[in-house]
Amino acid sequence: MTDCLFCKIVAKEIPAKVVYETERTLAFGDLNPQAPTHVLVIPKGHYQDAAALAAADDGLADEVLKTAHAVAVQEGVADSGYRLVFNTGPQAGQTVFHVHGHVLGGRDLQWPPG
Ligand code: AMP
Ligand code: ZN
């Protein structure tokens, strides 16, 4: 997708602080972090949201989840606890329409979310 911010990060047309990468996934620091650890995990291919990713039939959703956990381990938040969030659709606060999981950790996180 030519007009997608995260596709441009995959293509290295826009810089990002990449912290983890697999053949089909990429993880990079959020530009506006909401916690000491705030990393976005994406498939390198373009899927607009979690629903589209869930419909992919080649184990890609599984790989995204495994990358998210690997990021949490690498960033040192897996033992204390972390939150994995997929804002899906405008009402849920999705603003970038290339599916991404937020890996949040490093502080106490409140529930319910806003
Ligand atoms: P969402 O609101 O769930 O769609 O999340 C989009 C996230 O992308 C926000 O947390 C933004 O801070 C983050 N973001 C926007 N532009 C960039 C960028 N160029 N690099 C890294 N993160 C970004
Ligand atoms: Zn994209």
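Biologist: By class, how many nonpolar, polar and charged residues has the lining of the largest pocket?

Modeller: This is a predicted model, in which local features need pLDDT of at least 70, side-chain atom pairs count only at pLDDT 80 or more, and totals for chains, interfaces and linings use all residues. Residues are numbered from 1 along each chain as its sequence is written, ligands are numbered from 1 in the order in which they are written, and side-chain values use heavy atoms, with hydrogens and water left out. A pocket is an open set of points on a 1 Å grid over the protein atoms alone, where a 1.4 Å probe fits, with protein on both sides within 12 Å along at least five of seven lines; lining residues have an atom within 4 Å of a point. Here the lining has 15 nonpolar, ten polar and four charged residues (Ala, Val, Leu, Ile, Met, Phe, Trp, Tyr, Cys and Pro count as nonpolar, Asp, Glu, Lys and Arg as charged, the others as polar).

Biologist: Which residues lie nearest the centre of the largest pocket?

Modeller: They are D30, L31, H38, L40 and H102, out of 29 lining residues. Helices (H or I, at least four residues) and strands (E, at least two) are DSSP runs. The largest share of the lining, three residues, is supplied by α1.

Biologist: How does β2 pair with β3?

Modeller: Two strands pair if DSSP finds at least two bridges between them. β2 and β3 are antiparallel, with five bridges, and L26 has I42 in β3 as its bridge partner. Strand β1 (residues 18–21) is also antiparallel to β2, through three bridges, and Y20 faces A27 in β2.

Biologist: Which residues coordinate the zinc ion (ligand 2)?

Modeller: Donors are N, O and S atoms within 2.8 Å of the metal (3.2 Å for Na, K and Ca). For the zinc ion (ligand 2) they come from C4 (SG), C7 (SG), H46 (ND1) and H98 (ND1), at 2.0 to 2.3 Å. H46 lies in the loop between β3 (37–43) and α2 (50–55) and H98 in the loop between β4 (82–85) and β5 (101–105), so the pair ties together parts 52 residues apart in sequence.

Biologist: What is the geometry of the site of the zinc ion (ligand 2)?

Modeller: Four donors count as tetrahedral if all angles lie between 85 and 135 degrees. The site is tetrahedral, with angles of 107 to 116°.

Biologist: Is H98 buried or exposed?

Modeller: Buried means under 20% relative accessible area, exposed over 50%, and partly exposed in between (1.4 Å probe, protein chains only). H98 is buried, at 0%, and H46 is partly exposed, at 26%.

Technical notes. Four donors count as tetrahedral if all angles lie between 85 and 135 degrees; four count as square planar and six as octahedral if opposite donors are over 155 degrees apart and all others between 65 and 115; anything else is irregular.
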